[in-house]
Amino acid sequence: MEKWKELLCLVPSAPEWQINWKQIEDSALPLIVQKMKMTMQNPLWHREGDVWTHTRMVCECLLSFEEYRKLGRRKQEEVFLAALLHDIGKIPCTRIEDGTWKSPNHTAVGARMARKILWREYVFCGKRELQEFRETVCTLIRYHSVPPHILEQKNPEHRIIQIASNGELMPDFSVELLCLLEKADMCGRISDTEEASLEMIELCIAQAEESGCLKAPLKFPTAFSEYAYLEGRNIMPGQKMYDDTWGEVIMMAGLPGTGKDTWIREHYGNYSAISLDEIRKQMKIRPTETQGAVLNAARELAKSYMREKMPFVWNATCLTPILRRKQLCLFKDYNASVKIVFLETDWEEQMRRNQGRKEEVPEQIIDGMMGNMVLPERFEAQRVEWYCI
């Protein structure tokens, strides 16, 4: 049986809705479970104790919800696995501050951890349906704390529309599913704040429904108008904007050995390409050395193309939002339209292709890069596309 199917077999089904906790603890996620059992939580929010106790309560609550039982099987699997893994980020993030347990940034860290587990251990990768499934789970984990804190956002409507836009890349993801997960998260604990938190989740649902993005992303008249709103311009949702960009810059993203060079030759052979690997070779700078000079040279070359209004491909790994953002701001300053193209393949093929490179990247380096990787989200550029090759 394929590894990903083994994991899905653990998702309970009708009519019993029974969770095989022994199998999950003993064989599916033994190391993760042990670490969750050793990770404590702030008693103000979690008087039930450790993360694993909370996780079990969340999963049991989820299964009791009628709206969960009415979901299609695939969505049941996605939201159950998200519930099972929703707080694994607390393992590395938890520490004592001012005499109490705190877990800052655990949702973002947990989403990255879940991605690595699903990709490497259970092979949710290399095929579009597996990619979409994995990223739905990871996105639910990444944003599960937003609904009960929606009014703390600077612009609640904008934030919820922005998050919902990711449904264009993974059709199963929705704010409705996100709020279902968070209802289970709030009910699956012992806390005096449960009632207030559930009220805030209902407010989030109402806001998303009023904004037209509860079950699916909000529709925009053009890709440019959508990006203008999602990036934070002071315009109305759905407002049509005049597109004053001169042409397109393609930003590639993906692990080393994924096949970006081949993809560029096949799809953008008539574009100039800025390859950080090639610039490194020309400057005789190894990938393990400081890359400031390489990046500066690449940016100067990009500026020269954009001054001439020449479309080009930016060929680098671009695996994190921070790394992408710096280049995206540069392209935006020169009034270019940007399309981000993310490529992936399964791990075995990844290693085979990497070994065929002139300068092979050590496996442990790629493994570390995967641990920090965040796929480009819909709101990062005018167009975002994911492919499995």
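What share of the 389 residues in the protein chain do buried residues make up? Buried residues, those under 20% relative accessible area with a 1.4 Å probe and protein chains only (exposed is over 50%, partly exposed in between), make up 53% of the chain. This is a predicted model, in which local features need pLDDT of at least 70 and side-chain atom pairs count only at pLDDT 80 or more, while totals for chains, interfaces and linings use all residues. Residues are numbered from 1 along each chain as its sequence is written, and side-chain values use heavy atoms, with hydrogens and water left out.

**View 1. Salt bridge between Arg-378 and Glu-168.** The closest N and O atoms of this salt bridge (a side-chain nitrogen of Lys or Arg within 4 Å of a carboxyl oxygen of Asp or Glu) are 2.9 Å apart. The pair links distant parts of the chain, 210 residues apart. Arg-378 counts as buried because its relative accessibility is 4%, whereas Glu-168, at 38%, counts as partly exposed.

**View 2. Salt bridge between Arg-280 and Asp-277.** Here the closest N and O atoms are 2.6 Å apart. Arg-280 is buried, with a relative accessible area of 15%, while Asp-277, with 28%, is partly exposed.

**View 3. Salt bridge between Arg-189 and Asp-185.** The closest N and O atoms are 3.1 Å apart, and Arg-189 and Asp-185 are both buried.

How values were computed: Helices (H or I, at least four residues) and strands (E, at least two) are DSSP runs, numbered from the N terminus.
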